[in-house]
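Student: Please take a close look at one part of this model. Then place it in its surroundings.

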Amino acid sequence: MSVRAATSTSDGPPPEQPPSSQALSPRALARARRKAALVRFWREFRRDRRGMSGLIVLAVMIAIALLAPVLANSRGLNPIYATATPNAGPSLRFPLGTDSDGRSVLTELIWGARNSLLVGFTATLISILIGALVGVVAGHFGSIRARAGRLTDNLLMRATDWFLVVPFLPLAMVVARTIGPSLGVIILVIGLTSWAGTARIVRAQALAVETRPYLERAKALGAGHLHQMYRHVLPNVMPLLLANTILTVAGTILAETTLSFLGLGDPIRPTWGQMLGAAYSYGVGTGNVVWLLAPGIAVIIVVMAFTLVGHALEAVLDPKLRDRQ
Amino acid sequence: MAEAMLEGARAAAEERSGTGAVGSAGLSRTITVKVLSAAITLFVVLVANFFLFRVLPANPAKNLTHNSTLTAKQLLAINRTFGLGLPLPQQFWNYLVQTFHGNLGRSFVNQLPVSELIGQALWPTILLVGTSTILSTVIGVWIGIRGGWSRGSRFDRSSTAFVNVLYAMPDFWLGMVLLITLAGKLALFPDGGMHSFTGGGSGLAGFADLLWHLALPCLVLTLVYLAEYALVMRSSLIDELKADYLLTARAKGLRDELVRRRHAVPNALLPSVTLIMLNLGFVISGAITTETVFSWPGLGRLSYVSLNAPDYPTLEGTFLLFSAAVIVANLIGDLLLTLFDPRVRQA
């Protein structure tokens with residue numbers, strides 16, 4: 001994948017319009033260049049209609065998640081305060097009906113958005129951090145001729161391969177069960193088991209970056225490994241990482257749904273998966289069908305939105321991919 | 001998840017086919033290395049399994065039973081059954097020996113040997129996963145080829161949209177929706193299980209009854225997995241569209257259909273084959289939710305039931321089997337690829 005990026009590097013090829021003033025410090029220069037690259041990036045992204053529609057959907061969903069305390073009283077989540085008829089169909093007071101505890105499905109859906117997105121983002125953060133670290137380190141040391149470098153790369157990739165093949169769902173089930181069900185455990189388990197793909201992609205890109213002349217220059221000037229990885233390799237891997245992050249969120253949200261459905265989540269903090277699990281356990285097909293339909297449709301919409309944005313980002317970074325759409 | 005996994009697998013495959021030409025040893029050596037590394041992975045799984053269930057929890061006996069009101073006598077009994085008083089290396093050795101003898105312990109729930117429970121659940125899972133894998137592969141690849149070859153056509157646009165929705169759908173949700181509509185409201189299909197309560201009759205009638213029960217869970221797994229295959233097949237075919245050899249084939253005067261069938265598809269098929277083999281192992285554990293929703297008496301449901309009991313020996317046994325399935329399927333896919341693709345073989 002040739003990322004047409006140097007979008008955010010401090011040492012990439014010269015930008016299209018170099019900032020005019022000579023008095024600017026190198027740092028300011030770099031900042032201006034980055035800003036220009038970002039503007040260019042945004043302009044290209046905006047042209048992608050599917051990506052934009054995904055982005056708008058995401059913005060709305062994130063707004064709902066952030067505004068949950070305003071939109072729906074969290075007291076409605078506590079079965080003690082829920083006095084409505086259980087498992088009743090949609091009504092004026094409860095637009096999406098009630099669940100088996102007499103709670104408003106709409107309230108749960110809104111708070112579920114908050115928790116599901118929270119799990120999605122934090123699990124992705126963990127996964128991406130590990131993936132990027134492993135990928136950059138393996139790619140950097142893998143490009144070194146010394147035997148120690150090769151060894152580091154090999155060991156890291158063997159570990160990655162293992163995480164790539166170990167079946168995620170049973171592993172997550174086992175770990176979550178041994179530690180105990182909670183939202184934090186779900187986040188951790190998903191994050192710790194889903195980084196392998198990212199590590200592979202980042203490593204491939206890092207290997208490509210390592211052959212560029214500016215790294216040779218940095219080495220000639222005496223840059224250490226840390227400096228090379230942090231200032232040169234990482235910034236060049238960044239755009240690819242961003243696209244991968246967005247796609248990973250889609251995966252982690254789906255994974256959360258499955259784990260919560262299997263009863264491994266925190267019952268007090270509802271997620272969409274947990275709603276589906278409860279709908280399955282306490283009332284599938286009886287009474288309120290919306291209770292089952294609404295969270296599922298919400299998951300589909302959010303996952304699709306993330307996928308669309310992710311693919312649009314990839315296409316901006318690698319115009320060759322645009323053919324695929 | 002699957003997306004990232006697939007990207008990773010693709011990157012790994014590219015690397016294998018591209019750069020990995022370190023010391024071009026013979027085919028047999030390549031195969032030996034692959035089998036050995038699979039064996040090592042399997043061993044790592046065994047170690048992980050051991051630690052996960054016995055060492056990680058502060059008090060394994062209590063954790064194993066999830067019961068804090070055990071008497072001292074009961075605790076001692078459990079410790080003795082599992083050999084928990086012994087030093088760790090010895091425990092590990094015992095565990096390895098037992099596992100290789102096929103002794104996976106006894107279920108906490110009904111005291112039956114875990115290996116027997118797994119043996120009973122194996123055939124239903126193989127039936128379900130096998131059927132749906134064949135269907136999803138054939139349909140998915142077909143959709144991918146048709147869509148990718150005539151990119152931007154109406155078929156392509158509608159199938160891509162359809163497939164993207166399927167891809168974003170939790171499989172158990174699809175299962176529940178089908179269950180309440182087709183099985184509940186319309187009563188076209190049974191609402192779960194593998195046979196009717198009457199046993200479904202013998203001979204042909206019994207077989208029809210089995211198929212009738214198989215239909216919905218199989219449909220769910222097929223739909224969910226065909227999405228991935230269609231997307232991968234489509235994009236790898238599109239990647240081939242501009243290749244020079246297609247131009248040559250057209251210049252020779254081949255019909256469009258022959259260009260597609262003889263030249264483009266075989267080359268574009270490789271990523272799909274890799275993915276299908278990689279998935280084969282995952283589908284077995286991925287069927288956990290579907291089997292649960294449809295009360296299909298397979299391995300997935302067994303592990304769900306033992307998760308909620310909780311029945312640790314059974315859970316541990318199924319986990320071991322799931323991991324082994326992925327590793328073995330992956331190895332077979334890798335070996336097949338090595339045999340069939342000269343680009344990989346030379347690596």
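Predicted model: local features only at pLDDT ≥ 70, side-chain atom pairs only at ≥ 80, totals over all residues.

Tutor: Residues are numbered from 1 along each chain as its sequence is written, while chains are lettered from A and ligands numbered from 1 in the order in which they are written.

The kink lies at Ala215(B) and is about 40°. The proline Pro217(B) comes shortly after Ala215(B). The bend at a residue is the angle between two fitted axes, one for the seven residues ending there and one for the seven starting there. Helices here are DSSP runs (H or I, at least four residues; strands are E, at least two), numbered from the N terminus.

Now the span. Helix 9 of chain B covers residues 203-240, and its end C-alpha atoms are only 49 Å apart. A straight helix of 38 residues would span 56 Å at 1.5 Å a residue. That expected span is 1.5 Å times one less than the number of residues.

Helix 9 also belongs to the side of chain B that touches chain A, where it supplies at least two residues. Chain B gives 51 residues to the contact and chain A gives 45. Two residues are in contact if their C-beta atoms, placed from the backbone, lie within 7 Å. Helix 1 of chain B contributes the largest share of the side of chain B, 10 residues. By class, that side has 33 nonpolar, 15 polar and three charged residues. Nonpolar means Ala, Val, Leu, Ile, Met, Phe, Trp, Tyr, Cys and Pro; charged means Asp, Glu, Lys and Arg; the others, Gly among them, are polar.

Leaving aside neighbours within four places in sequence, Val175(A) is in contact with Val189(A) and Leu52(B). Val175(A) is partly exposed because 18 other C-beta atoms lie within 10 Å. The cut-offs are 20 or more for buried and 12 or fewer for exposed, with partly exposed in between; C-beta atoms are again placed from the backbone. Leu188(A) is 13 residues from Val175(A) along the chain, and their C-alpha atoms are separated by 9.9 Å.

Chain A as a whole has 12 helices and zero strands. Of its 325 residues, 49% count as buried.
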